[in-house]
Amino acid sequence: MHLNNSIKKYICCVAVLGSMLSLQTNIEAKNSEAYKSTQATFYAQRYGLDSKLSIIGHKHPDSDTVFSAYAYAELKNKLGIPAQAIVFGLPNDESQYAIDYFGIKAPESVTTVAGKRLVLVDHATYSQAAEGINTAEVVEIVDHHQFGNIIPKKVIAMRCMPWGSTNTIIYQMYLENKIKPSRQAAGAMLTGILSDTRNLHNNASVYDIKAVEKLQKLAKLKDKDAYYKEMVKAAASYKGKSDKEILNLDSKEFVFNGYKVFITCVNAKTEADLEAVALRMQKVMPEAFREKDVDMMFACVTCDGVAKSALACYGENSKEVAEKAYGKAKDNVILVEKELARKVNLVPDLSSEIDKLTTKK
């Protein structure tokens with residue numbers, strides 16, 4: 001059988017197109033490898049490879065901190081930059097659940113970062129940083145909060161995006177470098193995003209939503225919602241922990257208008273437990289207040305999926321500030337008819353009222 005000229009031309013065009021696509025793919029692969037090599041070379045020239053780069057989040061580590069450090073360390077190593085994930089403190093019960101579920105190697109816990117070369121993730125303020133930060137060398141910051149006061153003397157790499165989770169930023173970096181994360185890293189990033197966005201129901205950007213869709217597949221997780229429910233159970237269990245430990249577990253310290261402010265988030269198992277848990281936090285606040293040398297303390301108790309919160313406060317001006325932001329207090333506890341989040345609600349609302357006070361010098 002003889003092929004007519006039209007079919008011969010079609011086959012020829014398809015063959016040429018296939019060759020062009022293959023060539024383009026090879027060029028892109030080579031360019032990608034060259035880019036990765038350039039990053040490693042740049043790092044080696046600027047900082048040397050005499051010691052590993054340590055990647056760490058804020059003290060009292062939550063899932064976004066633990067897993068952004070873990071996933072970014074994997075990415076750095078795949079780019080040819082020796083790196084390790086570390087934490088100041090221990091992963092909380094929610095993070096430990098994910099570690100066990102995906103078989104993640106928990107980051108090493110350290111008591112100081114003095115003398116280390118660091119990438120900071122999920123924070124950029126001295127009050128939230130690990131001990132020894134003043135003598136460490138910060139070479140990069142990746143964060144999703146407002147700019148902090150850690151400003152190195154040298155020019156450093158900074159990646160700050162107004163997204164729901166630091167892990168979303170880290171995943172974007174995987175995409176930019178055309179690197180596929182391991183199942184463990186995918187599960188880690190997925191957990192961090194779900195945790196910080198309350199399963200995409202709180203402050204989730206379109207980037208967070210898209211990242212979760214991709215990471216769920218990479219992590220080979222069939223039921224995201226069922227997994228998240230187990231995360232919530234683990235987070236609210238507080239197994240073997242005292243009320244004082246619970247108060248400190250998910251806490252951060254800020255400086256607003258010269259005042260040192262402690263804000264912690266606590267999980268209640270049910271809506272009916274909100275006020276009772278807040279009163280428990282209220283009882284241990286005086287001792288913690290003295291130990292931490294802060295001016296105000298706030299403990300926000302929420303129950304996942306419940307549009308209510310209980311806010312306990314302690315310290316001079318704290319009740320006045322909280323009432324102006326959220327309404328009348330009873331026994332220094334305010335019941336609020338919405339689920340409050342630290343980054344989205346507590347920090348902007350409380351700092352706005354504290355800024356109206358006489359500046360503390």
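## Basis

Helices (H or I, at least four residues) and strands (E, at least two) are DSSP runs, numbered from the N terminus. The model is predicted: local features need pLDDT of at least 70, side-chain atom pairs count only at pLDDT 80 or more, and totals for chains, interfaces and linings use all residues. Residues are numbered from 1 along each chain as its sequence is written, and side-chain values use heavy atoms, with hydrogens and water left out.

## Second largest pocket

At least two lining residues of the second largest pocket come from each of α1 (5-47), α2 (63-78), β5 (137-143), β6 (157-160) and α4. The largest share, six residues, is from α1. A pocket here is an open set of points on a 1 Å grid over the protein atoms alone, where a 1.4 Å probe fits, with protein on both sides within 12 Å along at least five of seven lines; lining residues have an atom within 4 Å of a point.

This pocket holds about 410 Å³, a volume being the space filled by probe spheres set on the points, which are joined across faces, edges and corners. Of its 22 lining residues, Q39, Y72, K76, E140 and A157 are the closest to the centre. The lining has 15 nonpolar, two polar and five charged residues. Ala, Val, Leu, Ile, Met, Phe, Trp, Tyr, Cys and Pro count as nonpolar, Asp, Glu, Lys and Arg as charged, and the others, Gly among them, as polar.

## Largest pocket

The largest pocket has a volume of about 950 Å³. It is lined by 50 residues, of which D62, D196, D250, C265 and R342 are the closest to its centre. By class, 20 are nonpolar, 17 polar and 13 charged. Elements that each supply at least two of the lining residues include α5, α8 (243-249), β7 and α11 (342-354).

## Helices α4 and α5

The axes of α4 (residues 166-176) and α5 (residues 183-196) come within 8 Å and cross at roughly 145°. Axes are lines fitted to C-alpha atoms, for helices over the stretch in contact, and angles run from 0 to 180 degrees between N-to-C directions. In contact (heavy atoms within 4.5 Å) are N167, T168, I170, Y171 and Y174 of α4 with A185, A188, M189, G192 and I193 of α5. Seven of these residues are nonpolar, three polar and none charged.

## Sheet

Five strands make an open, mixed sheet in the order β7-β8-β9-β10-β11. Strands pair if DSSP finds at least two bridges between them. β7 (251-256) and β11 (333-336) are the edge strands. β10 (residues 309-314) pairs antiparallel with β11 over four bridges.
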